[in-house]
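Biologist: I am new to this one. Please show it to me, and then I will ask what stands behind the terms.

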Amino acid sequence: MIKRVVIILFGFAALSAGVGLSPVAAEAEEGAPEALLGEAYASGEPASPDFSAILALHRPAAEKGSAFAQFCLGHLYSLGIGVPEDSVEAFKWFRLAAEQGFAEAQLALGAAYYVGEGTEQNYSEAVKWHILAADQGNVKASNMLGYMHYFGEGVEPDVFEAVRRFRLPAEHGDSAARFFLGQAHFTGLGAEQDYAEALRWFLLAAERGDFDAQLQLGKMYYFGQGTEQNYPEALKWLLLAAERGVAEAQKMLGNMYQIGEGVVRNEAESLKWTHMAASQGDAEAQHNLGLALMSHLPQDRGQALDWLRRAAYQGHADAQATLGDFLSVGPAGRRSYAEAFKWYSLAAEQGRPSAQRSLAAMYRNGKGVVRDFAEAARWNRLAAEQGDVYSQVELGKAYSAGIGVERDYAEAIKWFELAAEQGSSAAQLALGRMSAEGKGKVRDFSEAAKWYRLAAAQSEPDAQFELAEAYAKGLGVERNEAEAFKWYREAGARWNVMAEFKVCQMLHEGEGVEQDDAEAGKWCGYAVKNALSYLLDLPRHVIYR
C-alpha cells in the first residue's frame with residue numbers, strides 16, 4: 001500500500017523536521033511558503049507536532065503552487081495525519097508537486113503507480129517517475145529502478161541497467177544494493193565477474209548487518225574466493241548469519257563442526273546447528289542430520305529415518321538414495337524392498353548414479369520389483385554414462401552374457417575398458433578373460449596376463465588365480481612354477497577355493513615350492529571347508545579356518 005511505501009521511503013522525520021528534502025525546499029527564500037512551513041515544523045514538538053497548524057499552512061501554500069507544500073500535503077493524506085486517510089487525494093497532490101520537478105514527489109508518485117494506490121497500478125508510469133527522481137540524484141528512486149530493471153517491471157529485464165542503478169544507493173550505504181552489486185560481480189551477471197570486487201561489496205553490506213551478505217562473505221572465505229581461504233574468518237561471518245536464522249549458514253556451521261574446519265571438531269555443536277537448519281526445512285541439512293543420527297545409538301534410528309524422509313519428500317535426491325540404502329540393507333525390522341525401490345526410483349529419475357545403480361540391482365535380483373534384466377541394463381547404462389564404475393562393469397557383463405541386451409562383445413569390451421581405466425579390478429579381470437578367450441577380439445594371452453596382473457595387484461582373488469594359471473601353463477608369460485605358487489597362495493588366502501586346492505597340490509608335489517605334506521594338508525582342509533560353506537550357504541567365518 002502507498003501508506004506503507006511512503007513510510008518506508010521517507011520516514012516520519014520528513015513530516016516532523018523536513019529532513020532530507022530536495023534543494024527546492026532547502027533553498028526557499030525567507031517568507032516563501034516553504035520557509036514558513038519549515039518554521040512551523042521547527043517550532044513543534046518532534047514527538048507530537050501540531051498537525052492542524054501545519055495543515056493550515058500547507059493547504060493555502062499548496063493551492064498557491066508550492067511544490068514543497070503540495071508534497072507535504074500529499075504525505076498527510078497518505079498517512080491520514082490531521083485529515084482522513086485518502087490515497088486518491090494524496091496521489092493528486094503528489095502529482096502536482098512531481099510535475100513541478102520536486103524529486104521526492106516524483107518518487108512518491110512512482111511508488112503510487114508501482115503499488116496501485118490512489119490510481120491504477122502502472123509499472124511503466126512508475127518507471128517514468130522514478131527515472132525523473134533518480135536523474136535529480138534521488139538515491140531511493142535509483143534503488144527502486146534497480147529492482148524494476150532486474151525483475152522486468154515496466155521495462156524489459158536488464159541486469160546491466162539494474163547494476164548501474166544500484167551503484168548510487170550502494171555508494172550511499174544501502175546494504176541491499178551493496179549485496180546486489182556483490183552478487184553481480186560474483187556471478188558475472190550484469191557486471192564483470194570479479195571475486196575480489198564481489199568480496200568488497202559483500203563486506204560493506206555485511207558490516208551493516210545484511211545477513212545475506214554475511215552468508216556470502218562466509219562462503220567466500222570458506223572456499224577462498226576473492227581472498228585466501230580463511231576458516232576462522234568464514235566461521236565469524238557464518239556465525240553472524242546463523243544467529244540471524246539463516247538456514248544455509250547454520251548448515252555450513254554444522255558441517256564445519258562435524259569435520260573440524262576452523263574449529264575444534266565438536267559433534268554436539270554440529271548437531272545443534274544442523275538441527276536448527278533442518279528445522280527450518282533445509283533439505284540438505286535434514287539429510288545431514290539423518291546421516292549423523294544414523295551413526296548414533298539404535299534409539300536414534302527412528303529420528304534418523306524421520307529426517308531422511310523429510311528431506312526425501314522435498315525431493316532431495318541424496319536423501320532419497322540414502323533412504324533406499326537403509327531400507328534395502330538396514331535392520332530386518334525396518335527393511336522394506338518395496339519402499340527402497342520407491343525411493344531409489346525417485347532419486348534415479350533425478351539422475352543420481354548411485355540410485356540408478358541400486359535400482360538396476362533391484363531389477364536384476366527381483367527385489368521390491370518383478371525381475372527385469374532389460375530394465376536393469378537400462379538403469380545401469382544411465383549410471384554408466386555418468387561414469388559410475390560399478391554400472392560400467394555390470395553393463396559390460398550384460399553385453400558379454402547377453403542378459404537384458406543383445407550379446408555384443410565389442411560393446412562389453414567398451415564398458416569394461418571404461419571401468420578398467422578408473423581402476424576397477426573386476427573390469428580388468430573381465431578384460432583379461434575376454435582376451436584369453438578371444439571374445440570380441442583376437443585371442444591374446446599376453447594381453448590377458450597384463451590385465452590379470454593389474455587386477456591381481458589390487459588383491460582381486462580371481463585375477464590372482466588366473467595369473468597363477470598363466471604362470472603355471474606359460475600362457476602369455478614365461479612358465480614359472482614359483483611365480484604360479486605365489487599367486488595361487490595369494491588367491492587362496494582370499495578364499496578362492498580352486499587356488500586353495502592348487503596350493504595343497506603344489507605343496508604335496510613340491511612344485512614351485514619345497515614339498516611339505518603337513519602344510520599341504522592344512523590347505524586341503526581350507527579348500528574343503530570353503531567348498532562346504534558354499535554348498536551349505538553358510539558365512540565363511542562360521543565354518544572356515
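Modeller: What follows is a set of questions about the terms, with answers.

Modeller: First, the model is predicted, so that local features need pLDDT of at least 70, side-chain atom pairs count only at pLDDT 80 or more, and totals for chains, interfaces and linings use all residues. Residues are numbered from 1 along each chain as its sequence is written, and side-chain values use heavy atoms, with hydrogens and water left out.

Biologist: What makes Arg200 and Glu197 a salt bridge?

Modeller: A salt bridge is a side-chain nitrogen of Lys or Arg within 4 Å of a carboxyl oxygen of Asp or Glu. In Arg200 and Glu197 the closest N and O atoms are 2.9 Å apart, so the pair meets the definition. Side chains of opposite charge can pair when their charged atoms come close.

Biologist: Why are Arg200 and Glu197 said to be separated by about one helical turn?

Modeller: Because they are 3 residues apart in helix H13, residues 195–207. Helices here are DSSP runs (H or I, at least four residues), numbered from the N terminus. Glu375 and Arg378 also form a salt bridge, at 2.9 Å from N to O. They are 3 residues apart in helix H23 (residues 373–384), and therefore about one helical turn apart.

Biologist: Which salt bridge links distant parts of the chain?

Modeller: Arg309 pairs with Glu339, with the closest N and O atoms 3.0 Å apart. Arg309 is in helix H19 and Glu339 in helix H21 (residues 337–349), 30 residues apart. A search of the whole structure finds 29 salt bridges, and Glu161, Arg164 and Arg165 are linked in a network of them.

Biologist: Why is Arg309 called partly exposed?

Modeller: Buried means under 20% relative accessible area, exposed over 50%, and partly exposed in between (1.4 Å probe, protein chains only). Arg309 has 23% relative accessibility, so it counts as partly exposed. Glu339, at 21%, is partly exposed too. Arg200 is partly exposed at 39%, and Arg378 at 40%.

Biologist: Why are H19 and H20 called oblique?

Modeller: Helix H19 (residues 301–313) and helix H20 (residues 317–329) pack at an angle of about 140°, with their axes 8 Å apart. Axes are lines fitted to C-alpha atoms, for helices over the stretch in contact, and angles run from 0 to 180 degrees between N-to-C directions. Angles under 35 degrees count as roughly parallel, over 145 as roughly antiparallel, 65 to 115 as roughly perpendicular and the rest as oblique. H19 and H20 are therefore oblique.

Biologist: Which other helices are described in this way?

Modeller: Helix H17 (residues 267–279) and helix H18 (residues 283–294) pack at about 140°, axes 8 Å apart. That makes H17 oblique to H18.

Definitions and conventions
Helices (H or I, at least four residues) and strands (E, at least two) are DSSP runs, numbered from the N terminus.
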